[in-house]
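Reader: I have a structure open and would like to go through its contacts with you. Could we take it one region at a time?

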Amino acid sequence: MHRPRAAATAIAPGPLIGPLPGTIARTAFLPTVRTWTPPTPTVPRLTDAERLVALETGTGLDALRLLSPPPGRRYLGGGAWAGLFEELGTELPREYLTVMDLYGAGCWSRWLRFLTPLRTGERRYLQHVESTADAYRQLKAEHRSGIRSPPGPSPAGSSPSPTRSTATTSAGSPRAPTPTAGP
């Protein structure tokens with residue numbers, strides 16, 4: 001015999017979260033609870049006018065250094081360029097080497113990613129090159145129309161680093177035009 005369920009009683013919503021105090025709770029990174037003090041504001045390195053000049057008229061590495069100074073410490077990995085060139089069977093573009101020597105590996109604004117080129121061990125740079133080339137081949141096979149990039153390095157030589165989250169190579173993305181000179 002089917003019996004109707006009793007109507008569930010409505011539970012009143014709890015109190016709203018009000019202003020939070022200026023303290024932080026213990027996390028894996030903080031052994032104790034303490035008051036949080038915001039960092040001291042810093043004066044911008046460039047005035048708005050200087051930044052505008054660098055963006056509108058600056059070119060190449062000089063503009064990049066002005067807009068984003070190289071870090072105090074950079075990391076490329078534990079290997080050597082000569083060993084990487086031997087493993088790849090080619091040298092990388094001089095401009096790429098210059099930027100890497102100045103800035104090292106990292107990600108800029110979650111947009112432009114420079115992998116660690118001189119990494120040693122299992123996940124070396126060559127494995128990244130091979131997996132990126134495989135991804136391009138698969139993308140091209142699945143979407144034959146509209147993919148203009150070759151399935152592998154072009155005769156002019158392209159390298160899959162630096163990368164963008166949309167799988168850009170230094171020769172350009174299949175969905176984006178070839179990069180032009182500039183900062």
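Reader: Which residues does Pro70 touch, apart from those up to four places away in sequence?

Author: This is a predicted model. In it, Pro70 touches Arg65, Leu102 and Tyr103, if residues up to four places away in sequence are not counted.

Reader: Where is Pro70 found?

Author: Pro70 is in the loop between α2 (60-67) and α3. Although Pro70 and Leu102 are 32 residues apart along the chain, their C-alpha atoms are separated by 5.9 Å.

Reader: And how does Pro70 count in terms of accessibility?

Author: Pro70 counts as partly exposed, at 30% relative accessibility.

Reader: Let us move to α3. Which of its residues are buried?

Author: Helix α3 spans residues 81-88, and its buried residues are Trp81, Leu84 and Phe85. Viewed down the axis of α3, these residues fall within an arc of 100 degrees, so they line one face of the helix. Ala82 and Glu86, on the other side of α3, are exposed.

Reader: What covers the buried residues of α3?

Author: The cover includes α4 (94-103) and α5 (125-142).

Reader: Which residues touch the most other members of the largest nonpolar core?

Author: They are Trp81, Leu92 and Tyr96, in a core of 16 residues. At least two residues of this core come from each of α3, α4, β2 (112-114) and α5. The largest share, five residues, is supplied by α4.

Reader: On to charges. How many salt bridges are counted?

Author: The count comes to four salt bridges. Side chains of opposite charge can pair when their charged atoms come close.

Reader: What does Arg124 form a salt bridge with?

Author: Arg124 forms a salt bridge with Glu87, and the closest N and O atoms are 2.6 Å apart. Arg124 lies in the loop between β2 and α5 while Glu87 lies in helix α3, so the pair ties together parts that are 37 residues apart in sequence. Arg124 is partly exposed at 28% relative accessibility, and Glu87 is partly exposed with a relative accessible area of 29%.

Reader: And which residue pairs with Asp48?

Author: Asp48 forms a salt bridge with Arg51, with the closest N and O atoms 3.1 Å apart. Both residues lie in helix α1 (residues 48-57), three residues apart, which is about one turn of the helix. Asp48 counts as exposed at 62% relative accessibility, whereas Arg51 counts as partly exposed at 32%.

Reader: What about Arg137?

Author: Arg137 forms a salt bridge with Asp134, the closest N and O atoms lying 3.2 Å apart. These two are three residues apart in helix α5 and are therefore separated by about one helical turn. Arg137 is partly exposed, with a relative accessible area of 41%, and Asp134 is partly exposed, with 46%.

Reader: To finish, what pattern does the protein follow along the sequence?

Author: The pattern reads α-α-α-α-β-β-α-β, with five helices and three strands.

Reader: How much of the protein is buried?

Author: Buried residues make up 25% of the 183 residues. The protein exposes about 14,000 Å², and carbon and sulfur atoms supply 59% of that.

Notes
Residues numbered from 1 in each chain as written. Predicted model: local features only at pLDDT ≥ 70, side-chain atom pairs only at ≥ 80, totals over all residues. Heavy atoms only, no water. Helix = DSSP H or I, 4+ residues; strand = E, 2+ residues; numbered from the N terminus. Buried < 20%, exposed > 50% of the residue type's maximum accessible area, 1.4 Å probe, protein only. Areas by Shrake-Rupley, 256 points an atom, 1.4 Å probe, with all protein chains shown as cover. Arc of directions from axis to C-beta. Contact = heavy atoms within 4.5 Å. Core = buried A, V, L, I, M, F, W, Y, C linked by side-chain atoms within 4.5 Å. Salt bridge = Lys/Arg side-chain N within 4 Å of Asp/Glu carboxyl O.
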